[in-house]
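Let's take a walk through this protein together. Have a look at the structure first, and then we'll go through it piece by piece.

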Amino acid sequence: MRKILLFCAFSLSLYALKAQDPGVKEIKSTAEKAVAVDTSHKHGWRKGGLFSLNFGQGSSKNWAAGAEKFSFSTSGQLSVFANYREGRFYWNNNLDLGYAIVNTTSLGNRKTDDKIDYFSKLGHDLTKTLSLSGVVNFRSQFTNGFDYTYLGKDTYKRRTSAFFAPAYLIVAPGIDWHPVPYFSLFISPISARSVIVTDAWSYYFPGGIIPVDDGGGFEKPLSTLYGVDPHQKVRMELGGFASANFAKEILKNVTYKSRLDLYSNYLSTYRYTPTGSYQVEREKHSAKPQNVDVFWTNLISMKVNKFLNVTYNFDLIYDDDVRQFGPDNTSAGTQLRSLLSVGFSAKF
């Protein structure tokens, strides 16, 4: 999987190099404006954004093949940017927010998307295509996420995530390569990442003590699901960071926006085993910088008319410290999420 992702990043780089003029070109879409590095040295702010709101509904009665009696879904997305240029100095800011929920007769309310993603890049041009830069990136979510079949039972719903649980903060100095306005590649050999989990001792059962009827033993504290010591609530990492950003109108009225982040942790990590109520045992593991963490987000936006829009989101995450998968829920795994929606959009 990681080889495929690296190939994708390399392919984007080759595509970017096909442009004949490395300077400023006409930028048509809001997405392109959001990532563009203006090499004309114009002054001041460039701001804008896109908001979309989508709905879906379904119902059935006496449907022999089987179907939900009623379902309703809604999703909202907000993507805004504020970019500043003063001579060779630039400051690009992007904020992406997303939330989606579906309600069905049998399952009730469940969210299908939940995203807070702020990406800020500060730079000083060395040449038209190369800059000394620094990146700050923050990611989290708005509301609680749940395991709806906890311990294999449909009636048990355990909270597995929340606002600032987890939250990721990256601070990275490095080099930014921007050969064309719609593509940039940032590389930092030394960067700091914080993984934050508030309410670290959150349990389903009181005190995290599993009843004998449910197998007995102790639950894992919420923070350990993300490799964070519940006594500290924060895990600090030091490693290499790379971020490739692409945003372009690839066809008429069709815009593709993508960001691929790769992080390699140079430090040792820990695994946690619950040994009692509010107690864990810590096991140290040697550093594995080859186990690269991946965050890849994609948005395809197709404009039907002035207000009607079709969007497709696809996100991929691999975090070697998130070990909630496999037969025993102790393995890392590739996380995938996609959302196709039709609705109203407004550009500003």
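Start with Tyr-99, which is partly exposed, at a relative accessible area of 28%. Keep in mind that you're looking at a predicted model. Phe-142 is partly exposed too, with 37% relative accessibility.

Now zoom out to the overall fold. You'll see a closed barrel of 12 strands with antiparallel pairing, in the order E1-E2-E3-E4-E5-E8-E9-E10-E11-E14-E15-E16. On average, neighbouring strands in this sheet are turned by 20° against each other, ignoring direction. What holds strands like these together? Strands of a sheet pair through backbone hydrogen bonds, either parallel or antiparallel. For an example, follow strand E5 (residues 130–140): 10 bridges join it to E8 (residues 167–180), running antiparallel. Leu-132, for one, has Ile-175 in E8 as its bridge partner.

Next, the aromatic rings. A search of the whole structure turns up 21 aromatic pairs. One of them brings back our opening residues: Tyr-99 and Phe-142 sit edge-to-face, 6.5 Å centre to centre with 80° between the planes. Tyr-99 belongs to strand E3 and Phe-142 to the loop between E5 and E6, so this pair links parts of the chain 43 residues apart.

Phe-186 and Phe-241 make a tilted pair, at 6.2 Å centre to centre and 55° between the planes. Here strand E9 supplies Phe-186 and strand E10 supplies Phe-241, 55 residues apart. Buried or exposed? Phe-186 is buried at 0% relative accessibility, and Phe-241 is buried at 2%.

Finally, Trp-45, Tyr-84, Phe-89 and Trp-91 form one aromatic cluster. Lys-47 lies over the face of Trp-45, 5.6 Å from the ring centre. Elsewhere, Arg-282 lies over the face of Tyr-270, at 4.1 Å from the ring centre.

Conventions
Residues are numbered from 1 along each chain as its sequence is written. This is a predicted model: local features need pLDDT of at least 70, side-chain atom pairs count only at pLDDT 80 or more; totals for chains, interfaces and linings use all residues. Side-chain values use heavy atoms; hydrogens and water are left out. Two strands pair if DSSP finds at least two bridges between them. Helices (H or I, at least four residues) and strands (E, at least two) are DSSP runs, numbered from the N terminus. Axes are lines fitted to C-alpha atoms, for helices over the stretch in contact, and angles run from 0 to 180 degrees between N-to-C directions. Rings of Phe, Tyr and Trp (its six-membered ring) pair if their centres lie within 6.5 Å; planes under 30 degrees apart count as stacked, over 60 as edge-to-face and the rest as tilted. Buried means under 20% relative accessible area, exposed over 50%, partly exposed in between (1.4 Å probe, protein chains only). A charge sits over a ring if NZ of Lys or CZ of Arg is within 6 Å of the ring centre and within 35 degrees of the ring normal.
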